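Please look through the sequence and the model before reading the points below.

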Amino acid sequence: MSDDKERTVELHYEGGVLKLPVFTGTEGESTIELKTLLGSTGMTTLDPGFGNTASCSSKITYIDGAAGILRYRGYPIEDLAVHSTFLETAYLVIYGELPDPGKLKEFSDKLRDNADIPADMGTLIDAMPRNGHPMALISSAVNTLAAYYEDSADPEDEDQVELATIRLMAKLPTIAARIYRNSIGESPIAPDDSLDYVDNFIRMTFGDKAPTGDLGDLFNKAVGMLLVLHADHELNCSTATVRVVGSSKADIFASVASGINALSGPSHGGANQAVLEMLEEIRDSGISIEDFLEKVKAREMRLMGFGHRVYKNFDPRSKEIKVLASQILDQHDSPDELFALALKLEAAALQDSYFTERKLYPNVDFYTGVIYRTMGFPTNMFTVLFALGRLPGWIAHYREQLHDPAFRIARPRQHYIGSTERRYPGQG
Ligand code: ACO
């Protein structure tokens, strides 16, 4: 945030005129600081969904929704998707710079050394409902990390926050893979420290059924790229949740577990599962694409995987993912019917004035489900893969907030529209 207080805007209200400072960021919208608003005018702002509200200053991710731009720490997502591994991107998002080979090795070695989970935590995970939704199960498991690792749960201690960062990054794939294997009645597979981060996750998930050779390389590349594309997205619902929970000085495990819960909703990360279910429903019901879109326009349902609070143009991640989907599906002899359906649905929606006038374009979730399904992930694991990718972003925001000089507990105000004072029945 620039401290150039030269620029101001004036708010004219019944009681007078209030001058409010305007801050200029390095890019993007300017910001009017409202700190003095309530004290000076006795009024608050009402901004449902926080669509016009910057709740903090941040150096992590820049989005220009109108131009379809997404950058982590200044690097365009298109470059990171092609040139960076997930661990390099995670390091960049969390620590602010791309790692040199030495730092990358050190980071990767620490993750390998911490990938195991305590034996009784494994028992606890195994005792959870095996058919329960994996998002509920991983958030519960992540929550318990604070109890297993009390020595890294103090937000006031930088070394503890760093240790918790490593533990979260190292253990989430192990937790996710174990929950998946429980759901299919297979025994867990321990982390293999000879494998890289992504290969290890694929191996812990699919075991001997994991593809090998060229197909294995393609799967590794695809999962790695999808994780890179999901690594951060500034103040989205789950990241804002992590910040809000962290603002109470709750530990990072509790804050990230809350982020996982926020991500599970179908308006957010749960959309990748909802897209696939929508495509299956269209296929199974035999409804035409035209009739389906009519139902969407009549507000009987939403076109899942379309629309975004910030992007009013193509989501740059969806372009990369569409290319990846073609590469993965090309490996199969017969064309994938759901991918073909998704392509037709996208084309029809983009020619329809309902969607173009509202600037509704495919978002990150529109094609990811088709890719994950082809790889053999069950539908209810799709959002878990999103969580694995988003973890560095949640961690980076939690850590950035701890060092923000403007740090305050998050505590919005309300516009009260309930009853005025009433007498308790029988009290006169
Ligand atoms: N299908 C049909 N109409 C839509 C859709 C959609 N997917 N998305 C928005 N609209 C319409 C709204 O009905 C509204 O129309 P109106 O002005 O005539 O009332 C207009 O477009 C603006 O929509 P809002 O709901 O105000 O947009 P908002 O920014 O609040 O919501 C959201 C964004 C939640 C992503 C929404 O577009 C949506 O529900 N999309 C489907 C779910 C989805 O794909 N979520 C994943 C988002 S990406 C992510 O979180 C990773």
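Strand 1 (residues 8–13) and strand 2 (residues 16–23) run antiparallel and are joined by 6 bridges, where strands are DSSP runs of E with at least two residues, helices are runs of H or I with at least four, and both are numbered from the N terminus. This is a predicted model, in which local features need pLDDT of at least 70 and side-chain atom pairs count only at pLDDT 80 or more, while totals for chains, interfaces and linings use all residues. Residues are numbered from 1 along each chain as its sequence is written, and side-chain values use heavy atoms, with hydrogens and water left out.

**Strands**

- Strand 1 and strand 2 form a hairpin with 2 residues between them, and within this pair threonine 8 stands opposite proline 21 in strand 2.
- An open sheet of 3 strands has the order 4-5-6 with antiparallel pairing, two strands being paired if DSSP finds at least two bridges between them.
- Its edge strands, each pairing on one side only, are strand 4 (61–64) and strand 6 (75–76).
- Strand 4 is joined to the antiparallel strand 5 (residues 69–72) by 4 bridges, and isoleucine 63 stands opposite leucine 70 in strand 5.

**Second largest pocket**

- The second largest pocket has 16 lining residues, among which Ser84, Thr85, Phe86, Asn220 and Gly224 lie nearest its centre; a pocket is here an open set of points on a 1 Å grid over the protein atoms alone, where a 1.4 Å probe fits and protein lies on both sides within 12 Å along at least five of seven lines, and lining residues have an atom within 4 Å of a point.
- At least two lining residues come from each of helix 2 (77–83), helix 3 (86–95), helix 4 (101–113), helix 8 (197–206) and helix 9 (213–230), and helix 9 gives the most, with 4 residues.

**Ligand**

- Around the ligand there are 21 residues, of which His268, Arg299, Leu303, Gly305 and Arg309 come nearest, a residue being counted if one of its heavy atoms lies within 4 Å.
- An N or O atom in the side chain of arginine 309 is 2.8 Å from an oxygen atom of the ligand, and the corresponding distance for the side chain of asparagine 363 to a ligand oxygen atom is 2.9 Å.
- A polar side-chain atom of tyrosine 354 lies 2.9 Å from a nitrogen atom of the ligand.

Definitions and conventions:
A polar contact is a pair of N or O atoms within 3.5 Å; within protein, one must be able to donate a hydrogen and the other to accept it, and residues adjacent in sequence count only if both atoms are side-chain atoms.
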